[in-house]
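Let's take a friendly walk through this model. Keep the sequence and the 3D view open as you read, and try to find each part for yourself.

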Amino acid sequence: MRNFAKIIILILEKDLKIELREKLNLTYVFILSITLSLIGYTFIGPNKLIELFFFISLIASLVANQRISRQEISLGGELILISVPFDLSIICFAKILFFIIISLLINFTVFITLSLVSNVSIFDYGVNFLTLCILFIVGVSSILSTFSLMLERIKGEGQFMFILIYPLILPFLILAYNSIILVHISDSAVFFQSFSLQALVAFDILLLTVCPILFSYSIRR
Amino acid sequence: MKKFHDTNFKLHLLLSKVISMGDSLSIRNISKSYNHNNIFNLISFDIGPGQILNLSGANGSGKTTLMKIVSSQILEYTGEVFLGDKNIKNLGDEYFTKVIYLPPIPSLYENLSLIENIHFFTSIIGIRHNDKAERLINDFKLTSHTSKKISQLSDGSKKKVSILVMFLMNPDFFILDEPYTYLDADALRTLNILINKSTEEGKSFLITDNSIGLKDINFSGLVEL
Amino acid sequence: MIFLYAPKERIMGEVQRIFYFHMGYVLVFTFAFTMNLIYSIKYLRNNNNSDSKKAYINAEIGTLFTLLTLVSGSIWAKPVWGTWWTSDPQLTTTLILFILYFTYLIFHKLAEKSGVPRYSSVFAIIAFIDLPIVYISVRIMRGISPVVFGGEGGGIAPQMMDTLIVTFIAFFFLYIYLLDLRIKLDKI
């Protein structure tokens, strides 16, 4: 267990070091989030602010994820850490955690932008909104990070195949959408006891557990 | 087509038995095809402790594929690979402490420096490297490049770093795919010294390359595809 | 039995008989996608090519029957709801199911072509998560799809239940027949 945590920390440290040094991906994500927020707000307006928030967050995550995973692939087209003497699920798990951090940054940027242009504080929805944000990020990051790591290894068709992954997020979005409706109308007690939120938590746990294992099996078992 | 040339094999085998009683890698009847095209058929050979085998063949004969099978990076093939008496498919992640594959194109983090790459790879495997790492950096004349990012290094320097990291990991079996590509004469010499010295410690090598770097290596045998 | 034994439904009339076919299609795709999951897991564990092929064949059958479910549902909906389609959660999730497995069929072929057939097994395992969402969506989301097997003992007459059970058995054998035919075609 200690080794597992140590390896994850090493990989996270390495990724954060690269991102903070290069700043290219962070800049890219920052500009993308702001631009999409402004475009989204222009066309949809202030009436569906929370839905717009999650929609923009999703689009930005879809685009950003591929760039992030590319770092793990060598110039020869193979996973750099393919020959490590420990389960590859640890690497996948570390990348999921790293992408959760990047997604938090995306969400924060979108939140600030939408709050500024709309003059409405989304944060008025408080704990419900924050909880839903985190659950949303965890689920989307799990699926996207796993598949982008797998597909970046494939030259040529890999890009197209990554687009084919997008439908996998749809079931997760159905649950998230139902919870978004509850953010508007519920107090915290009702929100946390709602079936859709509990199902979302269950799926997050399932995805967080299953995706790294499947990654390991797909590459090396 | 497979052939196994037995140059000085018995003497080398005797020597390696004196040096180390480690396990051998046994490749048995390996066949591989892609999309119904046969790459190679029924390849068998052994790599004992302290041995250096030369894997040769024309372009497209499947040398890299065979090396990836031996280093357990390709899982779909017929036949078996044994480490000692254990099938490598049953060994799991432990196998990667014993066998390392060096790809032709260096596999490093381009945005980390030389020393950061070394630190990362050795830490993630749990190896303490300080003296040996310094010595290897000196041997490969990389001292002035330690704080440069990998992306700023030449292809030759990247190859040296890649080789250096592999020797720091210190496996029992080194699977080297075109290790001499990009290397200058000095680095070539350094690599050959390292290889010959490692075999005295019981380490084994499977090497494929078409360059003149091979001429200073005392091969135990040849595998032809 | 559907046309002779089962009684006419009081409100919807004769058009309700499409319900038996509709539920039969649902049964087939449920079985097919479950078998797709099982063979995908088996393929990841054992690396046996025939498991990968059987997973693909099951997905083919499942996708076809999901499409039939959507079409039969639309035909049923028009006279009853006055529209071919509505944004009902169960309809939407069934459509998503169809899109998911249709995508899987393309993904599988591409993965095979790219030399990574194991990836399609990963896709199938995660796609299977949608199947329970289709079933629970009618309970957690407000929609106009009826709940046939509810907590209060269901909303279906005994003769209709008999017909439904026989329909299920008949469609199960249809699934087995199609699977067998398809496997023989592929010479697995």
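## Where chain A meets chain C

The contact between these two chains draws on 19 residues from chain A and 23 residues from chain C. On chain A, the side that touches chain C is built in part by α5 (126-151), α6 (157-163), α7 (170-185) and α9 (195-219), each of which gives at least two residues. The largest share of that side, six residues, belongs to α9(A).

What kinds of residues make up the side of chain A that touches chain C? They divide into 15 nonpolar, three polar and one charged. As you explore, please remember that this is a predicted model.

## Chain A on its own

Now turn to chain A as a whole. You will find nine helices and zero strands in chain A. Read from the N terminus, its elements follow the order α-α-α-α-α-α-α-α-α.

How does the radius of gyration of chain A fit with that of a compact globule? For 221 residues, a compact globule would come out near 17 Å, and chain A has 18 Å, so the two agree. Along the principal axes, the C-alpha atoms of chain A fill a box of roughly 50 × 35 × 30 Å.

Burial is another thing to look for: 48% of the 221 residues of chain A count as buried. The chain also brings together residues from separate parts of its sequence. Take the contacts in chain A between residues at least 6 apart in sequence: 80% of these join residues at least 24 apart.

Chain C has six helices and zero strands. Starting at the N terminus, the elements of chain C run α-α-α-α-α-α.

How many of the residues of chain C count as buried? The figure is 41% of its 188 residues. Among contacts in chain C with a separation of 6 or more, 77% are between residues 24 or more positions apart.

## Chain B, with helices and strands

Chain B contains seven helices and 10 strands. Its radius of gyration is 17 Å, close to the 17 Å that the globule rule gives for 225 residues, so chain B is as compact as a globular protein of that length. The C-alpha trace of chain B spans about 45 × 45 × 35 Å along its principal axes.

Of the 225 residues in chain B, 43% count as buried. If you take the contacts in chain B with a separation of 6 or more, residues 24 or more positions apart account for 76% of them.

## A helix pair in chain B

Let's zoom in on two helices. In chain B, helix α5 (residues 130-139) packs against helix α6 (residues 155-169) at an angle of about 150°, and their axes are 10 Å apart. Angles over 145 degrees count as roughly antiparallel, and α5(B) and α6(B) are therefore roughly antiparallel to each other. Their crossing is right-handed.

Which residues bring these helices together? From α5(B) come Lys132(B), Ala133(B), Leu136(B) and Ile137(B), and they meet Leu164(B), Phe167(B) and Leu168(B) in α6(B). Sorted by class, the contact of α5(B) with α6(B) has six nonpolar residues, no polar ones and one charged.

Technical notes
Residues are numbered from 1 along each chain as its sequence is written. Chains are lettered from A and ligands numbered from 1 in the order in which they are written. This is a predicted model: local features need pLDDT of at least 70, side-chain atom pairs count only at pLDDT 80 or more; totals for chains, interfaces and linings use all residues. Two residues are in contact if their C-beta atoms, placed from the backbone, lie within 7 Å. Helices (H or I, at least four residues) and strands (E, at least two) are DSSP runs, numbered from the N terminus. Ala, Val, Leu, Ile, Met, Phe, Trp, Tyr, Cys and Pro count as nonpolar, Asp, Glu, Lys and Arg as charged, and the others, Gly among them, as polar. The radius of gyration is taken over C-alpha atoms; the globule rule is 2.2 Å times the number of residues to the power 0.38. A residue is buried if 20 or more other C-beta atoms lie within 10 Å of its own, exposed if 12 or fewer, and partly exposed in between; C-beta atoms are placed from the backbone. Axes are lines fitted to C-alpha atoms, for helices over the stretch in contact, and angles run from 0 to 180 degrees between N-to-C directions. Angles under 35 degrees count as roughly parallel, over 145 as roughly antiparallel, 65 to 115 as roughly perpendicular and the rest as oblique. A crossing is left-handed if the near helix is turned anticlockwise from the far one by less than a right angle, and right-handed if clockwise.
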